[in-house]
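The exercises below go with a single protein chain.

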Amino acid sequence: MKAFLLAIGCFFGLLLSGTAAHADELRPAYVELNQISQSEWALLWKVSARSRLGQTGEIILPEACRPAADAKRRFVDTNILTRQLIRCSGSIAGQSIGLKGLELSTTDALVRISPLDEDTQTLRLTPDAAIATIAREDAIANVAWTYTVIGVEHIVLGFDHLLFVVALVLLLKGGWLVAKTVTAFTLAHSITLIGSTLGYLSLPSQPVEAIIALSIVFLAVEIVKAQRQQKLLGPSGTYQLRLSERFPWIVAFLFGLLHGFGFAGALAEIGLPQTDIPMALLTFNLGVEIGQLIIVAIAFAVLALIRRFQQSWLYPAKAATSYAIGIIATYWFLERMIA
């Protein structure tokens, strides 16, 4: 029973935590170091103006590098953009780069290093590891690992996509049906993510974000209506499946196309390694799929615990979760419409 109560608490805590954060909360700091001559590098640093890191953070340069000019800072949307010319003596391979102050924040940072005659490197800094070593030779595994982790985080920490997947689990019955529906969602958002990232597709971000929130409201309403109908008919009644239950993969596919534009917007904020765009896109999608499967597994585990320990709690638990999802998504929709 303790395990059951703990699982329920974690589940609802995960859902309600979304009210304290914006959806698509994938906005890590970003550092870019581009070599422009044998000894000169252009430093670009982007960080959210709302974060503590944006106010107090500093770049930790490689040992062989020194500033060659004053830093120029400006505000772009909600970000602080800093540019500076750096002069380095010799190669910076094997040296360290990092962000001072990252250890006090809750965000990660991506670092892209582009030497003149070598492949671009992508490094990931975290509050627990705010300094990383520049590899002597670029390994494509760095890009693959970095963007896989970003994909997982975008589902787990990007609350609108998380709630959409949870709502699918609550609406549908049977693991195989959920698996097919989530796969349709993945296929759809992969199409628009890749098309948008490569410049073939484009939609304004504000309306897309609003409709993404509305898609979650739609699923929450469908769950509540289905639950009420089942309760009225009872276990012996003939239940007429709703459209979203009969063809859930079509619903997931259509909404997935919109969610893909949301993913593309997040990737645009982060940036892609120009020499490894296919690998970055592939592994980001892989990370998203892994994140979705993690959420599905957790949701199924919680429902299984409810059925095992307290079957009578199943209906109120689903109803309460559906209302919570609907309220949060409605708030996001109104917020984005006003914006």
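Predicted model: local features only at pLDDT ≥ 70, side-chain atom pairs only at ≥ 80, totals over all residues.

**Exercise 1.** Describe the chain as a whole: how many helices and strands does it have?

Solution. 
- Step 1: There are 10 helices and 10 strands in the chain.
- Step 2: The chain has 339 residues, and 50% of them are buried.
- Step 3: Take the contacts with a separation of 6 or more; 73% of these join residues 24 or more positions apart.

**Exercise 2.** At what angle do helix α5 and helix α9 pack, and which residues meet?

Solution. 
- Step 1: Locate the two helices, α5 at residues 175-197 and α9 at residues 277-309.
- Step 2: Their axes are 11 Å apart and the packing angle is about 155°.
- Step 3: Angles over 145 degrees count as roughly antiparallel. The pair α5 and α9 is therefore roughly antiparallel.
- Step 4: The crossing of α5 past α9 is right-handed.
- Step 5: From α5, the residues in the contact are G175, V178, V182, F185, T186, H189, S190, L193, I194 and T197. From α9, they are L281, F284, N285, V288, E289, Q292, V296 and F300.
- Step 6: Sorted by class, this contact of α5 with α9 holds 10 nonpolar, seven polar and one charged residues.

**Exercise 3.** How do α9 and helix α10 pack, and which residues make the contact?

Solution. 
- Step 1: Helix α10 spans residues 314-338.
- Step 2: The axes of α9 and α10 are 10 Å apart, at an angle of about 150°.
- Step 3: With the cut-off of 145 degrees, α9 and α10 are therefore roughly antiparallel.
- Step 4: L303, I306 and R307 of α9 touch L314, A317 and K318 of α10.
- Step 5: The residues of this contact of α9 with α10 are four nonpolar, no polar and two charged.

**Exercise 4.** Which residues does Q227 touch?

Solution. 
- Step 1: Q227 belongs to helix α6, residues 205-233.
- Step 2: Its relative accessible area is 9%, so Q227 is buried.
- Step 3: Not counting residues up to four places away in sequence, Q227 touches Y315 and K318.

**Exercise 5.** What is the strand order in the open sheet of three strands?

Solution. 
- Step 1: The order is β3-β7-β10, and the pairing is antiparallel.
- Step 2: β3 (58-60) and β10 (131-133) are the edge strands, each pairing on one side only.
- Step 3: On average, neighbouring strands of this sheet are turned by 15° against each other, direction ignored.
- Step 4: β3 pairs with strand β7, residues 96-100, over three bridges. I59 is bridged to L99 of β7, and I60 to G98 of β7.
- Step 5: β7 pairs with β10 over three bridges too. Here I97 stands opposite A132 of β10.

**Exercise 6.** How many residues of strand β8 are buried, and with which strands does β8 pair?

Solution. 
- Step 1: Strand β8 runs over residues 109-114; six of the six are buried, so β8 is largely enclosed by the rest of the structure.
- Step 2: A109, V111 and I113 point one way, L110, R112 and S114 the other way, and all are buried.
- Step 3: Strand β1, residues 29-35, pairs with β8 in the parallel sense over six bridges. In this pairing, Y30 has L110 of β8 as its bridge partner.
- Step 4: β8 pairs with strand β9, residues 121-125, in the antiparallel sense over five bridges. L110 has R124 of β9 as its bridge partner.
- Step 5: β8 is joined to β9 by a hairpin through six residues.

Conventions
Residues numbered from 1 in each chain as written. Heavy atoms only, no water. Axes fitted to C-alpha atoms, helices over the stretch in contact; angles between N-to-C directions. Helix = DSSP H or I, 4+ residues; strand = E, 2+ residues; numbered from the N terminus. Parallel < 35°, antiparallel > 145°, perpendicular 65-115°, else oblique. Left-handed = near helix turned anticlockwise from the far one by under 90°. Contact = heavy atoms within 4.5 Å. Nonpolar A, V, L, I, M, F, W, Y, C, P; charged D, E, K, R; others polar. Pairing = 2+ DSSP bridges. Buried < 20%, exposed > 50% of the residue type's maximum accessible area, 1.4 Å probe, protein only.
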